Amino acid sequence: MPVGTKFMSIEEYLKYDDGTDTLCELVNGELIPMPPESFQNQQVVISLLAYFFKLGISPRLLMNKLAIAVIGGRSTARIPDLMVLSENLALKLSETDSSIILGDMPPPTLVVEVVSPNQEKRDYRYKRSEYAARQIPEYWIVDPILDKVTILELVEGLYEEQVYTAEQIIKSPQFSQFNLTAQQVLTGS
């Protein structure tokens, strides 16, 4: 099936293999190729992974590019830049051979998206509502284009946001020991 093909379900998406290494999200039942990440975006993700590891979070709870089925009118599976799983979710995933967090599994504790050029609407609008519907307690939007980090905390089904810039120390609702400034996160330092 070529890119742009309509899928009926997450199950069909999981079975799909076009013989290439092209990473695709499933959005409203349609395959959408993901462009390669910029060097800066990769640095942000790798630095955050390393920092969470330094905080004592087990490597088995830190995921990069793991798909998650989200709730919506049609089948959608997003591939966040970084996730921190709960112990319960890690256990559920270890009991399957799947590379996706299915709708009947618990949500991750944290999802991080690093904004790419021309993808702002996807991260700020669509994923925000999809992740809230999926009951993900914390969602970060790291935006190197606008030099800000938006921390979204799920409160009564909706995200409340706090925006951090420059030398402001980020306050994570799920990880109180997190102690980096917005600039440190944005530059991957």
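The largest pocket in this structure holds about 360 Å³ of space. Of the 16 residues lining that pocket, Y13, L14, Y16, L23 and C24 come closest to its centre. Please keep in mind as you read on that this is a predicted model.

**The largest pocket**

- Sorted by class, the pocket lining has 8 nonpolar, 4 polar and 4 charged residues.
- Two tyrosines, Y13 and Y16, are among the lining residues closest to the pocket centre.

**Nonpolar cores**

- As general background, nonpolar side chains in soluble globular proteins tend to be buried together.
- The largest nonpolar core here has 46 residues, and the members that touch the most other members are L48, F52, L85, I101, F178 and V185.
- Helix α2 gives the most to this core, contributing 6 residues.
- Apart from this core lies another, made of 12 residues, including L31, A67, A69 and I100.
- What does F52 touch, leaving aside residues up to four places away in sequence? Its partners are I57, L62, L82, V84, L110, W140, F175 and F178.

**Aromatic pairs**

- Across the whole structure, a search finds 7 aromatic pairs.
- One of them joins Y51 and F178, with 5.0 Å centre to centre and 80° between the planes, an edge-to-face arrangement.
- Where in the chain do Y51 and F178 sit? Y51 belongs to helix α2 (residues 39–54), while F178 is in the loop between β11 (158–164) and α5 (182–187).
- These two residues are 127 residues apart, and their pair links distant parts of the chain.
- Both Y51 and F178 are buried.
- Why is the pair of Y131 and Y139 edge-to-face? The planes of the two rings stand at 90°, with centres 4.9 Å apart, so the pair falls in the edge-to-face class, for which the planes must be over 60 degrees apart.
- Y131 and Y139 are each buried as well.
- Ring pairs also build a cluster, which links Y51, F52, W140, F175 and F178.

**An enclosed cavity**

- How many cavities of 30 Å³ or more does a search of the whole structure find? The search finds 1.
- About 40 Å³ of space lies in the largest cavity.
- Its lining is formed by M34, P35, P36, E37, S116 and R122.
- By class, this lining divides into 3 nonpolar, 1 polar and 2 charged residues.

**Two loop residues with positive phi**

- N28 has a phi near 50°, which is a positive value in a residue other than glycine.
- You will find N28 in the loop between β1 (24–27) and β2 (30–33).
- Is N28 buried, partly exposed or exposed? Its relative accessible area is 38%, so N28 is partly exposed, a class that runs between the 20% and 50% limits.
- Q135 also has a positive phi, near 65°, and is a residue other than glycine.
- The loop that holds Q135 runs between α4 (120–133) and β9 (138–143).
- With a relative accessible area of 43%, Q135 is therefore partly exposed.

Key:
Residues numbered from 1 in each chain as written. Predicted model: local features only at pLDDT ≥ 70, side-chain atom pairs only at ≥ 80, totals over all residues. Heavy atoms only, no water. Phe/Tyr/Trp six-rings, centres within 6.5 Å; stacked < 30°, edge-to-face > 60°. Helix = DSSP H or I, 4+ residues; strand = E, 2+ residues; numbered from the N terminus. Buried < 20%, exposed > 50% of the residue type's maximum accessible area, 1.4 Å probe, protein only. 1 Å grid on protein atoms, 1.4 Å probe; cavity = no way out; pocket = protein on both sides within 12 Å on 5 of 7 lines; lining within 4 Å. Points joined across faces, edges and corners; volume = space filled by probe spheres on them. Nonpolar A, V, L, I, M, F, W, Y, C, P; charged D, E, K, R; others polar. Core = buried A, V, L, I, M, F, W, Y, C linked by side-chain atoms within 4.5 Å. Contact = heavy atoms within 4.5 Å.
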